[in-house]
Amino acid sequence: MGIGEEGHGSSTAGGVRKRGCSISKDDFLPEESFRSWGNYVNALSNTPARLLDRVVTRSDEQDELDAKERSVNQMKRSLNWWDLMWFGLGALVGAGIFVLTGLEARTDAGPAVVLSYAISGISAMLAVFCYTEFAVEIPVAGGSFAYLRVELGDFVAFIAAGNILLEYVIGSAAMARSWTSYFATLCGHQPDDFRIIVSSLAEGYNHLDPIAIGVCVIVSIIACKSTKASSRLNYIASVVHVLILLFIIIAGLMHADTKNFTPFMPFGPRGVFKASAVLFFAYSGFDAVSTMAEETKNPARDIPIGLVGSVLLTTVFYCALAAVLCLMQSYKNIDINAPFSVAFEAVGLGWGKYVVAAGALKGMTSVLLVNCVGQARYVTHISRTHMMPPLFSYVNAKSGTPANATIFMMTSSALLALFTSLDILSNLLSISTLFIFILVALALLVRRYYVSNVTTTEDRNKLLVLLALIVASSIGTAIIWGVTDDWKGYCVTLPIWFLATGGITVLVPKARSPKVWGVPLVPWIPSASIAINFFLLASMDKDSFIRFAIWTVLILVYYVFLGLHASYDTAKEIQKNSEWGKVEGGNASSATNCGFDGGDGRNEPVASSK
């Protein structure tokens, strides 16, 4: 529809009715709680009970798959492992490699920045394994939102999704703003030559960037046209990018001096790990690929190959580029703003800065495109639950893409990019990615070791205690790393983590095995992912946690006054329709209790029991 051919009608369960090119209140708040002011006041008076209901209610895999029906039309299954791998490369290998490498080599790791990238790659791979099992078994557009909703409940899923959507919007805005800067370099101009300076606006918001708007619009049009078209464009752009990266590696090696690798670790092991914490963010973005599971032809085969393959290739490129940079120049002379450009000039290849700029420009274009595709699918699935307006759950019949969600998210990014300077946008980026990686790893442990009506109360309680010990010991290790150089604390926290993880293996029987593809070495891999992500959080500054807390409070306010009541009404109506539709056997249970209250899992209002 764009916003127009069809709209969402009055059904709180996501029913849709055809009508003309218009939108109404029912496209945003069609639920019973918003029919009148009296209904809304009554809903607010029941907020505590409804909130408790949503906190302890888990969805079901089949519920998430059935939610696709609320999008009017189906997304087209047109992607294979080749498409997903190139989408992954497009999402991961952006402009950050051309900036972060020099910064961390110069200030934290020296030539050992190569090891930092390898450590970050291993950390990313642990998270990828967890995502992959979920994406194979729950192949829907919601990504981590759907996974967390199934295992940790509606409330946790919404908080996580709200934070990752903010990061997507700000990240896309920052990327669009950077696009102008690199484009200016290619043209031999300064970035402000292409911007409109409005002196009446506040500093930091007065350099209007119309090119950033144009880039967002073009990317949005491509993403709306079809996912396969986006894949082809990303594939072509990524091939060009890989060729540029290979040129940089080969040209750099031709001017390498092994003496520049001495000393290899000038800042010691702490510097290597500190750098790896920063460089980990060069690997964020693969979660966008998991949202394309609904459009994958053979999720069981294509998702593991696509996700794992893209992260492996990215790690190889990152380590090679880092090694080349440190071989071309002593780490002491690396420029932190334009490391590769300055390094090429230092060896007499001044024209190389244009190749670097072209590579960065292409990288940002791919990241923007994959972000646009991924964030729209997050919004689509969230809207299917009515935690966001159901208008955004619509899938266009012709293109098979979530047009409304795509337009909404990229419009938000474009407006931010028009007014807001890059340094302000960068400072707004939060810790959401690590937070969600931790939750997904926890959700995987819950998935393997807890099933309602299967796991005994005793085993459930043991699992709770051991999970709490894993989290507590991981936090303790991170705090020790962040505040002291004394290693004695690790002698307490690391054994606790090891014993708690081993305790799950020995003391808690598995309640479920993966149907098709599963993470190996469970519980060790998800437990290690939890520990490493907490460890990386310790490198974040105080302001990042403050921004994370402020945004979380804001989305909680939205949830309490709108999202909670909309999703509660929707779940209740789905439950009622399910009970009315019983034909055989009476499959009437509506939800599984979230976990961990000893109930029978039949007293909660979502579509079916686990």
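**Before you start**

The model is predicted, so local features need pLDDT of at least 70, side-chain atom pairs count only at pLDDT 80 or more, and totals for chains, interfaces and linings use all residues. Residues are numbered from 1 along each chain as its sequence is written, and side-chain values use heavy atoms, with hydrogens and water left out.

**The whole chain**

Show the protein chain as a cartoon: there are 22 helices and six strands. Both are DSSP runs numbered from the N terminus, with helices being H or I of at least four residues and strands E of at least two. Now colour by burial: 59% of the 610 residues are buried. Buried here means under 20% relative accessible area, exposed means over 50%, and partly exposed is in between (1.4 Å probe, protein chains only).

**Stop 1: the rings**

Select every Phe, Tyr and Trp. Rings pair if their centres lie within 6.5 Å, using the six-membered ring of Trp; planes under 30 degrees apart count as stacked, over 60 as edge-to-face and the rest as tilted. That rule gives 30 aromatic pairs. One of them is Trp81 with Trp82, edge-to-face at 5.6 Å centre to centre and 90° between the planes. Trp81 is partly exposed at 30% relative accessible area, and Trp82 is partly exposed at 35%.

Next, pick Tyr131 and Tyr147. Their ring centres are 6.1 Å apart and the planes sit at 80°, so this pair is edge-to-face. Tyr131 belongs to helix 6 (residues 113-137) and Tyr147 to helix 7 (residues 144-151), so the pair ties together parts that are 16 residues apart in sequence. Are these two tyrosines buried or exposed? Tyr131 and Tyr147 are buried.

For a charge over a ring, go to Arg270 and Trp481. Arg270 lies over the ring face of Trp481, 4.0 Å from the ring centre. The test is NZ of Lys or CZ of Arg within 6 Å of the ring centre and within 35 degrees of the ring normal.

**Stop 2: two helices crossing**

Two packed helices are described by the angle and the distance between their axes. Select helix 10 (residues 227-254) and helix 13 (residues 299-328): the axes come within 9 Å and cross at roughly 35°. Axes are lines fitted to C-alpha atoms, for helices over the stretch in contact, and angles run from 0 to 180 degrees between N-to-C directions. Helix 10 passes helix 13 in a left-handed crossing, that is, the near helix is turned anticlockwise from the far one by less than a right angle (clockwise would be right-handed). Show side chains at the contact, including Leu245 and Ile249 of helix 10 and Phe317 and Val324 of helix 13.

**Stop 3**

At 15% relative accessibility, Thr315 counts as buried. Leaving aside residues up to four places away in sequence, Thr315 touches Tyr117, Gly121 and Tyr283. Ala124 is 191 residues from Thr315 in sequence but 9.4 Å away in space, C-alpha to C-alpha.

Then jump to Phe281, in the loop between helix 11 (268-279) and helix 12 (287-290). With 27% relative accessibility, Phe281 is partly exposed. Its contacts, again not counting residues up to four places away, are Leu434 and Met540.

**Stop 4**

Which residues does the cis peptide bond with omega of about -5° join? Thr262 and Pro263, with Pro263 in the loop between helix 10 and helix 11. Another cis peptide bond joins Val522 and Pro523, with omega about 15°.

Select Leu521 too: phi is near 55°, a positive value in a residue other than glycine. Leu521 lies in the loop between helix 20 and helix 21 and is exposed, at 62% relative accessible area. Finish on Asn453, also not a glycine, with a positive phi of about 75°.

Key. Contact = heavy atoms within 4.5 Å.
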